[in-house]
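User: I'm new to this structure and would like to learn how to read its features. Could you walk me through them?

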Amino acid sequence: MRSPLPPIGLVFLWFGIVSFGGGLAAVPEMHRELVDSRGWMSARDFAEGYAIGQLVPGPNMLAVVFFGYKIAGVAGGVLAITALSLPGAVLATLCGQAWARLGQNVWLGRLRRGLVPVGFGLMAAGAALVARTTITQWPQAVLALAVAVAIYRRWVNPAIAVLLAGVLGALASRLG
Amino acid sequence: MVLRRKWLDEDRFLEAMTVGRSLPGPNVSNLAAFIGALLGGYRGAVAAVLGIVAPGVGLVLLLAASYGPLAATPGPLLRGGLQGLTAGVVGVMASTVVQALKPVARARAGLVFAVAAFVAAAILRLSMMVVLVMLVPLASLLNRDEAP
């Protein structure tokens, strides 16, 4: 079998280019490439990997380390996050020098305003795709809704809410 | 960093946050690269990104390695825990989406573009490139001036 590393590098480099706005907007694209078109992992692996990535403190897209690992072990994981971070990091480094001029650019402003609604639709699609594989019973739906409200109202920090949801799930399995 | 080490002033930091968020890729590593570049050129950027990413990467690799064997023979406790975790993550995603709604509602035809992008990505499963090329120019054109 040919080494999967070069295609992994290319695919995650592409994700790095399109994952603006915190990465959630790129979830449909990742799902399409990794699950639907390349069959590198199952929809369940994708959803659980995404959940694990959210649990760990650090950059908001650590799930790709899990995805890369799933495809090609430790090298795959390291390659995935490196390729993903590269485009933004290079741009950010360049912007560190030219920011004052770029900030005033009219076209950039227009592009950003155009991206807002489209990016929002993509984010919602990402949430729907992950929800469709993971929410299989109604108590999970209730739990998800409760977490959403609690975070939206700023009652709890998201990481703590997710951990609590995990503990609740484990407790529920003990009772049920 | 701003308060203790005085490496940056408040305005510079806010600027860096904006850059980090508007560029593609993980926000935090973009932020780190930007600040690293301001402080120490490209070597500063590399050091900052590695510093902020490496611990999390190690942790996820560890979790991923232990997840395989555990998920193959899941005990009920672990299954339940994972179901709870994933439900929680869906909750986080949902609240992120709701929080992002306001600027969308303000944009011209914002909801139309949002629904179109949703349908294209979640139901038609079109490639993101296609979705962006079809919708962003039009949305930019309609919103070429600041929203009222």
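Predicted model: local features only at pLDDT ≥ 70, side-chain atom pairs only at ≥ 80, totals over all residues.

User: Before going on, what is the secondary structure of chain A?

Analyst: Chain A has seven helices and zero strands. Reading along the sequence, you get α-α-α-α-α-α-α. Its C-alpha trace spans about 60 × 50 × 25 Å along the principal axes. Of the 176 residues in chain A, 50% are buried. As for contacts in chain A between residues at least 6 apart in sequence, 54% of them join residues at least 24 apart.

User: Now the meeting of the two chains. What area is buried between chain A and chain B?

Analyst: The general idea first: the size of an interface is often given as the accessible area lost when the parts come together. Here that area is about 7,100 Å², and carbon and sulfur atoms give 77% of it. The contact draws on 90 residues from chain A and 80 residues from chain B. There are also nine residue pairs in polar contact between the two chains, counting pairs with both residues at pLDDT 80 or more.

User: Which elements of chain A give two or more residues to the side that touches chain B?

Analyst: They are α1 (5-18), α2 (27-37), α3 (43-55), α4 (63-103), α5 (106-134), α6 (138-152) and α7 (158-175) of chain A. The largest share comes from α5(A), with 23 residues. Sorted by class, that side of chain A has 57 nonpolar, 21 polar and twelve charged residues.

User: Which residues have the most contacts inside the largest nonpolar core?

Analyst: In soluble globular proteins, nonpolar side chains tend to be buried together. In this model the largest nonpolar core has 87 residues. Those with the most contacts inside that core are A:Phe12, A:Met30, A:Leu34, A:Phe46, A:Phe67, A:Val118 and A:Leu122.

User: Where do A:Asp36 and B:Arg125 lie?

Analyst: A:Asp36 is in helix α2 of chain A, while B:Arg125 is in the loop between α5 (110-123) and α6 (128-142) of chain B, so the pair joins two chains. Their side chains meet in a salt bridge at 2.6 Å, N to O. A:Asp36 is partly exposed, with a relative accessible area of 38%, and B:Arg125 is partly exposed too, at 23%.

User: What about B:Arg79 and A:Glu48: which helices do they belong to?

Analyst: This pair also crosses between chains, from helix α3 (residues 76-99) of chain B, where B:Arg79 lies, to helix α3 of chain A, which holds A:Glu48. The side chains form a salt bridge at 3.3 Å, N to O. B:Arg79 counts as partly exposed at 23% relative accessibility, whereas A:Glu48 counts as buried at 1%.

User: How far apart in helix α2 of chain A are A:Glu29 and A:Arg32?

Analyst: They are three residues apart, so about one helical turn separates them. A:Glu29 forms a salt bridge with A:Arg32, with the closest N and O atoms 3.4 Å apart. Both residues are buried. Salt bridges that share partners join A:Glu29, A:Arg32, A:Glu33 and A:Arg38 into one network.

Key. Residues numbered from 1 in each chain as written. Chains lettered and ligands numbered in written order. Heavy atoms only, no water. Contact = heavy atoms within 4.5 Å. Buried area = accessible area lost by both parts, 1.4 Å probe. Salt bridge = Lys/Arg side-chain N within 4 Å of Asp/Glu carboxyl O. Polar contact = N/O pair within 3.5 Å; in protein donor to acceptor, adjacent residues only side chain to side chain. Helix = DSSP H or I, 4+ residues; strand = E, 2+ residues; numbered from the N terminus. Nonpolar A, V, L, I, M, F, W, Y, C, P; charged D, E, K, R; others polar. Core = buried A, V, L, I, M, F, W, Y, C linked by side-chain atoms within 4.5 Å. Buried < 20%, exposed > 50% of the residue type's maximum accessible area, 1.4 Å probe, protein only.
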